[in-house]
Amino acid sequence: MSSDFDLIVLGAGSGGVAASRRAAAHGARVAIVEGSRVGGTCVIRGCVPKKLMMYAAQYGDALQEAQGYGWSVGASRFEMPRWAAAKAAETARLEGVYRKLLADGGVELFEGWGRVAGPNCVTVGERSLGARHILVATGAAPVRDSIPGIELAATSDDLLDLATLPERAAIVGGGYIAVEFAAILARLGVAVSLFYRDRLPLRGFDEDLRTRAALALQTAGVALHPGGAPRLVQPRGTQLRLTLPDGSEHDFAFVLNATGRRPNTRGLGLESVGLTLGAKGAVPVDARGHTPVAGVHAIGDATDRRNLTPVAIAEGRALADTLFGSEVSELDLELVASAVFMIPPIATIGPTESEALAAGHALKVYESDFRPMKQAFFGGAERSYMKLLVDAATERVLALHMIGADAPEIVQSLAVALTCGATKAQFDRTLAVHPTAAEEFVLMRTPARVVGASL
Ligand SMILES: Cc1cc2nc3c(=O)[nH]c(=O)nc-3n(C[C@H](O)[C@H](O)[C@H](O)COP(=O)(O)OP(=O)(O)OC[C@H]3O[C@@H](n4cnc5c(N)ncnc54)[C@H](O)[C@@H]3O)c2cc1C
């Protein structure tokens, strides 16, 4: 087939939009295919609406705290229908922005579900489009078969589209999406129970963050069920019954399935071009986003590596530069900062303490655990915790971990220093901005402990 396009991108989410615009900027003829709404998970049903819900939840705390600062606060309550309408308007506005970005960038949008019909051919409904390169940027979706019956539960997509909130909610899962919604819903007046497999939520995060996250959730009134991932979900009248490993049964009118996500690759036709998908349906790629099949590439959540918006965007741009620019571009995923937008939030970059030890580092561990000035003033209990992992041999700062107000904003800025390979001496030389919480990161002088391989 003749090539109508140099590149056809399947999926107009974070990665697909970034890749298509960059490729078009290099002069390529680019088409993008989207079966749902332009903007993808992050904008329509992920990062953005989730964070807008977190902001709503934080106002509840702020109203309480304001009284300690001298404000008289009248009767107040959260009205979900108003938030839902405002959220719908905002995501529609952002979708419009993304559509305009594509149009202004010279990217042709095809609306419908795309399918790979051959190495250089994509179908969208009845249409067949030819391209020199195909990019799979179809993202991921919630798994619905992790537990028998879990398909009856709501997903994060459904939760973010609720017009009214339930009085009680069960959240199944211990990852960042489960924890974020537990913290948010609890602030919005929902009685939340969190059921997860491990002894602490947030597997993969630093142990000191996990223990403090569990405590913060408990303080917010979330009932924690460690080791309590249900083995069965069944309908019980208008409710769902969760049967836990210990045999106990718990009924809820609203259950959120936050047990994980899986690449959107089923039925995409990738096997027809000779691609063997990974266990969860991930598209196999090398560091540049090339699959083993010439002319077929993949980025973002469809590849199930670091499933974060900035990673999908960076992968998309790097691939477009490699295919259509003048230089081969490869992404370094060694240091990826990320956040958990619970309340208080978590942010982190670099290995956990146990990962760094397992990698053979001798570590100087610096810690600070304090009640921020803002909390102390009104008698609030919320604390902030910061941890710095320094390689004892080279003095290089390997990782930062924080739970506390503004953690994502603070760690984002310090991520630049880590990316530049900053040493502890350079942190020490940095003058503080006072009074801030962030200054603690440049004021830690004595390690709390020195651990790991002998020097
Ligand atoms: C609740 C939630 C909260 C999150 N919060 C954060 C956060 O705070 N920070 C962060 O960095 N990340 C967050 N993420 C993850 C982030 O949203 C994803 O990592 C990111 O969107 C991945 O981008 P992508 O381009 O790979 O895929 P997506 O953004 O998922 O886009 C894929 C697009 O492809 C479309 N598509 C699928 N199949 C086809 C087909 N056959 N034909 C045409 N179109 C198709 C889909 O409709 C979708 O629009 C969150 C995710 C969720 C679910």
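In this predicted model, the side chain of glutamate 34 places an N or O atom 2.6 Å from an oxygen atom of the ligand, a polar contact in the sense of a pair of N or O atoms within 3.5 Å (within protein, one must be able to donate a hydrogen and the other to accept it, and residues adjacent in sequence count only if both atoms are side-chain atoms). Threonine 41 has a polar side-chain atom at 2.5 Å from an oxygen atom of the ligand. A polar backbone atom of leucine 308 lies 3.3 Å from a ligand oxygen atom. On its own the ligand has 1000 Å² of accessible area, of which the protein covers 95%; accessible areas come from the Shrake-Rupley method with a 1.4 Å probe, and for residues only the protein chains shown count as cover. The elements that give two or more residues to the shell around the ligand are α1 (14-25), β2 (30-34), α2 (40-45), α3 (47-68), α6 (176-187) and α8 (309-324). Helices (H or I, at least four residues) and strands (E, at least two) are DSSP runs, numbered from the N terminus.

The largest share of this shell, 4 residues, is contributed by α2. There are 36 residues around the ligand, and Gly15, Glu34, Thr41, Lys50 and Asp301 come nearest; a residue is near a molecule or strand if one of its heavy atoms lies within 4 Å of it. By class, the shell consists of 12 nonpolar, 18 polar and 6 charged residues. In this division Ala, Val, Leu, Ile, Met, Phe, Trp, Tyr, Cys and Pro count as nonpolar, Asp, Glu, Lys and Arg as charged, and the others, Gly among them, as polar.

Residues are numbered from 1 along each chain as its sequence is written. As the model is predicted, local features need pLDDT of at least 70 and side-chain atom pairs count only at pLDDT 80 or more, while totals for chains, interfaces and linings use all residues; side-chain values use heavy atoms, with hydrogens and water left out.

Side chains of opposite charge can pair when their charged atoms come close. The count of salt bridges comes to 36, each being a side-chain nitrogen of Lys or Arg within 4 Å of a carboxyl oxygen of Asp or Glu. One of them joins aspartate 6 and arginine 29, with the closest N and O atoms 3.0 Å apart. This pair links distant parts of the chain, 23 residues apart: aspartate 6 is in strand β1 (residues 5-10) and arginine 29 in the loop between α1 and β2. Aspartate 6 counts as buried at 10% relative accessibility, whereas arginine 29 is partly exposed at 40%; buried means under 20% relative accessible area, exposed over 50%, and partly exposed in between (1.4 Å probe, protein chains only).

A salt bridge also forms between arginine 262 and aspartate 145, whose closest N and O atoms are 3.0 Å apart. Arginine 262 is partly exposed, at 23% relative accessibility.

For lysine 387 and glutamate 353, the closest N and O atoms of the salt bridge are 2.7 Å apart. Lysine 387 lies in strand β20 (residues 384-391) and glutamate 353 in helix α9 (residues 353-358), so this pair ties together parts that are 34 residues apart in sequence. Lysine 387 is buried at 1% relative accessibility, and glutamate 353 is buried at 11%. Both residues belong to a network of salt bridges that links Asp206, Asp208, Arg212, Glu353, Glu367, Asp369, Arg383, Lys387 and Arg449.

Lysine 87, in helix α4, is buried at 6% relative accessibility. A polar atom of its side chain lies 3.0 Å from the backbone oxygen of leucine 160.

On the surface, Tyr69, Trp71 and Phe377 form a nonpolar patch with about 410 Å² of accessible area together. Patches are made of residues with over 30% relative accessible area and no salt bridge, like charges being joined within 9 Å and nonpolar side chains (Val, Leu, Ile, Met, Phe, Trp, Tyr) within 5 Å. Tyrosine 69 lies in the loop between α3 and α4 (80-104) and is partly exposed, with a relative accessible area of 38%.

Alanine 347, in strand β18 (residues 346-349), is buried at 1% relative accessibility. Alanine 347 and glutamate 409 are 62 residues apart in sequence and 8.4 Å apart in space, C-alpha to C-alpha.
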